[in-house]
Amino acid sequence: MASPRLWLVWRVGVFLAALAPLLYWGWQVAINAAGPEPGRYLLLNIGIGGLWMLLLTLSLTPLTKLTRWKGFALIRRQLGLWTLAYATLHLLSYALFILGLNWALLGSEIVKRPYIIVGMIALIGLAVLGATSNKWSMKRLGKRWKPLHKFSYVILGLVLLHFFWVVRADMQEWAMYAAIAALIMVTRLPPIVRILPKLRYQFRR
């Protein structure tokens with residue numbers, strides 16, 4: 001069993017790994033290496049980073065069942081909050097670089113790009129899950145907590161729909177993320193859930 005100090009190192013390492021892409025993209029903008037539209041560069045990359053965070057968060061449960069390693073469960077809430085942080089930064093990038101903080105343009109933008117509504121619903125869902133991911137909320141909600149947090153699957157679908165709408169001219173990248181999401185969802189099916197612990201013993205042989 002790992003010591004509390006090692007668990008702290010693990011959590012700090014995950015924190016730094018989640019922060020690193022943001023620092024890298026910011027550095028690219030600072031040195032004028034982000035292309036002719038640095039605002040759109042940040043908007044797109046932070047959005048994709050948020051999708052990666054969501055996929056990683058949802059992969060932790062099957063990984064825990066497969067390996068029974070406590071470290072995956074230990075960072076589930078941390079990565080979930082990072083997903084919310086990336087999604088919020090994605091929205092702020094849109095507001096700053098696309099709208100120019102002129103919220104009067106939002107109505108016409110929604111008419112032209114209805115995927116904005118889908119993204120907003122996903123962000124609100126992430127905010128609700130983030131606000132209820134603490135022990136106090138778990139105690140208050142009781143048996144309702146797990147059904148509420150299964151909304152993360154719906155959020156994943158909304159994020160993929162949002163991304164599909166944005167990059168529908170080039171489906172190859174979207175298809176990759178959709179395939180990863182489908183694999184994660186398959187691991188949540190009851191027959192697969194029962195198989196995962198047995199696979200762990202197979203790997204030990």
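User: Is Arg 40 buried, partly exposed or exposed?

Analyst: The relative accessible area decides: buried means under 20%, exposed over 50%, and partly exposed in between, with a 1.4 Å probe and protein chains only. Arg 40 counts as partly exposed because its relative accessibility is 45%. Please note that this is a predicted model, in which local features need pLDDT of at least 70 and side-chain atom pairs count only at pLDDT 80 or more, while totals for chains, interfaces and linings use all residues. Residues are numbered from 1 along each chain as its sequence is written, and side-chain values use heavy atoms, leaving out hydrogens and water.

User: With which residue does Arg 40 form a salt bridge?

Analyst: A salt bridge is a side-chain nitrogen of Lys or Arg within 4 Å of a carboxyl oxygen of Asp or Glu. The partner of Arg 40 is Glu 37, and the closest N and O atoms are 3.1 Å apart. Glu 37 is also classed as partly exposed, because its relative accessibility is 46%.

User: How many salt bridges does the structure hold?

Analyst: There are 3 of them. Glu 109 forms one with Lys 112, where the closest N and O atoms lie 3.6 Å apart. Glu 109 also forms one with Arg 113, at 2.8 Å between the closest N and O atoms. Through these shared partners, Glu 109, Lys 112 and Arg 113 are joined into one network.

User: Where do Glu 109 and Lys 112 lie, and is Glu 109 buried or exposed?

Analyst: Helices are DSSP runs of H or I with at least four residues, numbered from the N terminus. Glu 109 and Lys 112 both belong to helix α5, 3 residues apart, which is about one turn of the helix. Glu 109 is buried, because its relative accessible area is 9%. Lys 112, in contrast, is exposed at 57%, and Arg 113 is partly exposed at 27%.

User: How does one read a nonpolar core, and which residues touch the most other members of the largest one?

Analyst: A nonpolar core is a set of buried Ala, Val, Leu, Ile, Met, Phe, Trp, Tyr and Cys residues joined through side-chain atoms within 4.5 Å. In the largest core, which has 24 residues, those touching the most other members are Leu 51, Leu 55, Ile 155, Leu 156, Leu 160, Phe 163 and Tyr 177. At least two residues of this core come from each of α2 (38-67), α4 (76-98), α6 (115-131), α9 (151-166) and α10 (171-186). Helix α9 gives the most, with 6 residues. A second, separate core has 15 residues, including Val 14, Leu 22, Ile 75 and Leu 79.

User: Which residues does Tyr 177 touch?

Analyst: Contact means heavy atoms within 4.5 Å. Not counting residues up to four places away in sequence, Tyr 177 touches Ile 48, Leu 51, Trp 52, Leu 55, Leu 160 and Phe 163.

User: With which residues is Gln 28 in contact?

Analyst: Gln 28 is part of helix α1 and is buried, because its relative accessible area is 13%. Apart from neighbours within four places in sequence, Gln 28 meets Ala 33, Ala 34 and Tyr 41.

User: In which helix is Val 12 found?

Analyst: Val 12 belongs to helix α1 (residues 4-30). Val 12 is partly exposed, because its relative accessible area is 40%. Between Val 12 and Tyr 153 there are 27 Å in space, C-alpha to C-alpha, and the two are 141 residues apart in sequence.
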